[in-house]
Amino acid sequence: MDKFPITVNVNGVRYDRAVEPRLLLSDFLRHDLCLTGTHVGCEHGICGACTILFDGEPVRSCLIFAVQANGHDIRTVESLGSTENLHPLQEAFHEKHALQCGFCTPGFLMTLIPFLEKHPKPTEEEIREAIDGNICRCTGYENIIQAVKLASEKMPR
Amino acid sequence: MKIEGEHVFKGPRQAVWEMFRDPEVLASAMPGTQSLKKIDDQHYEGMMNVRIGPVSGSFAGQLTVSNENLPESCTLTVDGRGAAGFAKGVGNVHFFENGESTTLMKYDGEVTIGGTLASVGQRMIDSVSKSMIKSAFETLDKALEARLAAKSGNTPIEFKPPTEAEFAKNVAKDMAGGLTNVAEVRMLLYIVPVALLFLIVALIARGCGG
Amino acid sequence: MAGKYFGQPILRNEDAQLLSGKARFIDDIDLPGMLHAAFLRSDFAHARIKKIDYSAALKRSGVVAVYTAEDFGDFWRPGPLQVPPPTAIKGSVFNARTLVPIAKDKVRFSGEPLAVIIAESRYIAEDAFDDIIVEIEPLDAVNDLEKALEPGAPLVHEDLDSNLAADVVQERGNYEEARAKADVVISRKILVNRNAGAALENRGFVVEWEERSRQMTVWATTQAPIPLRNTIAARMGLFENQVRVITPFIGGGFGPKIMTSQADDVLLPWIAMKLKRPIKWIEDRRENFLATTSERDQVHYAEIALTKEGTILGVKDVFYHNTGAYDPYGMTVPLNTQTHTVSNYRVPNFYTQIKMVFTNQMVVTPVRGAGRPQGVFVMERLMDAAARELNMDPAEIRMKNLLIPDEFPLRTGIIGQDFVEGVLDSGNYKKNLEKTMEIVGYEKFRKEIQPKLRAEGKHVGIGIVTFTEGTAVGPYEGARVTIGANGKVNVATGISTQGQGHFTSFAQIVAEQVGIDVKDINVVTGDTAHFHWGAGTFASRGAAVAGSAIHNAAVKVREKIFSLASKIFEEPEENLEVGDGKVWVKSNPSQSMLLGDLALRANPTRGTIEPGVEPGLEATAYYGPPYGATGAGAVAMIVNLDPETMQVKVEHFVIVHDCGTAINPMILEGQVYGGISMGIGNAFYEKMVYDDNGQLLSASFMDYLMPQATDMPAKMELGHLVTTTPLNTLGIKGVGEAGAIPTPAAFVQAVEDALHGQVEIMESNLNPSRIFEYLQKKQ
């Protein structure tokens, strides 16, 4: 299958690659760029585990082809804090035990980053709505909601 | 799963009949139909390429006509298989004189589906198939109108069948209009199974025509 | 017995890696020269295979190999009976028909593998599906559990006379005599529907055969790394130590990842050895629904006999259990149902019969709850029907019949999944219920709030149920605890982890003994190169069984610290203290030594160690309970039903749970919350639906709905009771499945109550249309 050249800015780094037009953005990030923090849970846009920021907006990377990202800015979970220096949102997830297996967590984080920018002081209802497109099978969401509340206090605005 | 329904064609039974004998018209009502080969009077083979949204695949179908009572009714058995699964169907089709030069077509059948068709498509099949059938009958209505006009020597009416894309768009619009749940709109990605179902209906109709 | 570390809500060691996207999951593994596998699966549920022609697939660029059952020659054979049935139950019938790795001659469920394609990329492997021509003759499928046993039903296994997989009767007392004396006898048919584990991460398998060292390395998302290693070694004719199974981080387990004989487990090691290249297979979501195991699906004919005062005289339950097309996991699930049906109530006479049935569906193995929710659902529904018949309050009839602490330990007379007669070790069941009623405000809701809301036209209802959770079963687990020269601790155990927080809770157990901070304790789970004896993570046993083994090993290390330090300091052991990473003399704290330095001394380079002393600050220990520890609890929930849409909102959810000692209350609460969300999912969102032809109609997250954040209760409250078990030193009982077990029973009761008792609902998985149908039927 023919490959097409694309240029994508991921986490502030420019990547020039040639990809098949059918290659999913999630596979491109994970397997071509080795940014494996983005996870794939359902491959059909429901679970939200593969959520990334596409020009600042949260999108499902399993529903986008890599070629569609040509010329765009992508942010993945790797752009947040490191293991030694967590982002305040990650810290809040840690402190409130908002993750168990952690597979869905990167998707939640990438959904919440722009949400908290737009809603620096969210109500519980707003938080529930915001994460309604992300499935967590382990936690029952309760601690995630608490973590978002805590993050909204921690995050600089 | 059961499919049943009826449709009134604004034309006499003979004209409707002839239209159903015209493979080109039928193919235009269901864009993607690639072939319908007559093996003998009772057996046909059809191929349909379905490409709607991001999903595509081809299905091969065998059609058997039995209990023929032309031009009134017949029974059809369809066996279709493709990469996205399989469908088996038995259906009865009746054409009734309906007064005022109209024809009532009634169809009912039992369809069994399997594979991806069933496992991912089932929940929306019912509503989408209805919508697709509706959309296809609208096309056939226009075709019939054009044919009748041509026959009577009146001003010819131009008949332009919809493209595959237009057809898919209409169905999607029809579906989305009746839906409030976002999750169900996402289901439109899985429109393919229904296309196969419609193939069956089309084959049923066409089988009687042949 | 909370200490400085043990029993504290310590934040998790593993979080930073997971939060920053640096945790390695199975699909993150990329090896040089790695090939990718894809399975072509049957669209038909029951069919005879005539011919599979894959010659065109081999011509496709990038396809390396294609195999069907025939290509595996003698290597093809049915898999092991992973859990044999208990031999102790007299007169029981069990027909073992274990899972075949890939269909040969006949297909028995939709999704069964027909061919495996190995290619340079997964995309190419799946492209090759289109190249393979399968000639297949469909057969009638069997799906209805009762019809399956009727004469003339299509046979899933034609070498058997019927579709009966097992028939097991267990009994205590004499139900028929009790029934004759009863004032009231209530019989019901009760259905429990099928659910998926649906872990967010699908299954995966990566295998590498290193020809020069003759070593096989397997990365797998398994809950049972050691059994997986053992079965691979046995199948491949290798020594156990030639196969290393590693579990990377696993994205949720919930039961189905326990299997060791699915197509990938069996076939990929063989192919990797043939092709001499690493192979990776990552399951997709549809495959997970179709061809990874799932559970529930039982039909019960249940009966309860009572006095007119509401005292239970006996219970009889004859139930059909769907095992799917094969039964590699024995009778674990229905045995759990038998042991949990009456376990929390005083039921002197009990008759229970399993009729396990083969169907043309995917194999059934435990999913969080594992047979327990069925037993609890059946008993709680009987109790509700009895309460209505006797005009008693649901809480009152339960309170009257719950077992009391003086009755423990109580032998139940029913043999369970662990092959031994069940014994209820400890607990305070009435107190669980009392506390639940208190937190939810039961009396006030019944007397004041509900009448008021009903007057306003609201459909609000309350459900209240009790349950037990048999946990922490044998056979055993083991662990090795080692203090390194760096002053940190390495802990290795044989179970694997799917999000339960073992990297922290196990560290806490060790920290308490050796006085080294939890952050400096590295826990290794699921790597057979680090520890190679054990059974796995299932039946809520990780914390209690592996935790106890770890505790035992840590205690031995502590003893070694004191013994060696005593010699070095020339002080009696009782004069020594350990903590903050060092050991010192109590009377003279300046006389101290870092534990890392002590570890060096424990491993001398010259001289000798004393006879009878093992080198190093290291110890290995094992723990195996005589029988499982039983946790218990009660649940209340208040629901609000919208009569227009039949949508049910859980307004208030209360669970009081007793799992003995908590290692880490924060993690424990997280486990309970998670179980509740699965329970709510089972009750109102999730349902695996097979049609009459064995086609799974719900194989995506669009059809298999799981609770989202807005579906969870507006208010959730957890209450804890601690009745320690005498079965292990730490007093721990399991908790992993607790939330999932009672929730459907409480939900259905609450929905009935919200509908003013107009309808009686005897099935576990509802949804708005189903409730609507019940109401329609009534009218």
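These notebook entries record what I looked up in the structure, chain by chain and contact by contact.

**Entry 1: the model**

I note at the outset that the model is a predicted one.

**Entry 2: chain A as a whole**

I began with the secondary structure of chain A and found five helices and five strands. Reading from the N terminus, I recorded the order of these elements as β-β-α-β-β-β-α-α-α-α. I then looked up the radius of gyration of chain A, which is 16 Å; the globule rule gives 15 Å for 157 residues, so chain A is as compact as a globular protein of that length. Along the principal axes, the C-alpha atoms of chain A fill a box of roughly 50 × 30 × 25 Å.

**Entry 3: two helices of chain A**

How do α2(A) and α3(A) pack? I found that helix α2 of chain A, residues 88-95, and helix α3 of chain A, residues 105-118, have axes 10 Å apart and an angle of about 125 degrees between them. Angles over 145 degrees count as roughly antiparallel and those from 65 to 115 as roughly perpendicular, so α2(A) is oblique to α3(A). The crossing of α2(A) past α3(A) is right-handed.

I next listed the residues that meet. From α2(A) they are A:Leu89, A:Gln90 and A:Phe93, and from α3(A) they are A:Thr105, A:Leu109, A:Leu112, A:Ile113 and A:Leu116. Sorted by class, the residues of this contact are six nonpolar, two polar and no charged.

**Entry 4: chain C as a whole**

In chain C I recorded 18 helices and 29 strands. The radius of gyration of chain C is 27 Å, close to the 28 Å from the globule rule for 779 residues, so chain C is as compact as a globular protein of that length. I noted that the C-alpha trace of chain C spans about 90 × 75 × 50 Å along its principal axes.

**Entry 5: domains of chain C**

I looked up the domain assignment of chain C, which gives domain 1 as 15-22 + 474-623, domain 2 as 199-291 and domain 3 as 295-473 + 626-778. The C-alpha centres of domain 2 and domain 3 of chain C are 34 Å apart. Between these two domains, 11 residues of domain 2 of chain C are in contact with 13 residues of domain 3 of chain C. On the domain 2 side of this contact I recorded seven nonpolar, two polar and two charged residues.

**Entry 6: two helices of chain C**

I turned to helix α13 of chain C, residues 502-514, and helix α14 of chain C, residues 542-569, which pack at an angle of about 30 degrees with axes 8 Å apart. Angles under 35 degrees count as roughly parallel, and α13(C) and α14(C) are therefore roughly parallel to each other. I also noted that α13(C) passes α14(C) in a right-handed crossing. Residues in the contact include C:Phe506, C:Ile509 and C:Val510 of α13(C), and C:Ile550, C:Ala554 and C:Arg558 of α14(C). By class, I recorded 10 nonpolar, six polar and one charged residues in the contact of α13(C) with α14(C).

Terms used. Residues numbered from 1 in each chain as written. Chains lettered and ligands numbered in written order. Predicted model: local features only at pLDDT ≥ 70, side-chain atom pairs only at ≥ 80, totals over all residues. Axes fitted to C-alpha atoms, helices over the stretch in contact; angles between N-to-C directions. Helix = DSSP H or I, 4+ residues; strand = E, 2+ residues; numbered from the N terminus. Left-handed = near helix turned anticlockwise from the far one by under 90°. Contact = placed C-beta atoms within 7 Å. Nonpolar A, V, L, I, M, F, W, Y, C, P; charged D, E, K, R; others polar. Domains from an automatic or database assignment. Rg over C-alpha atoms; globule rule 2.2 N^0.38 Å.
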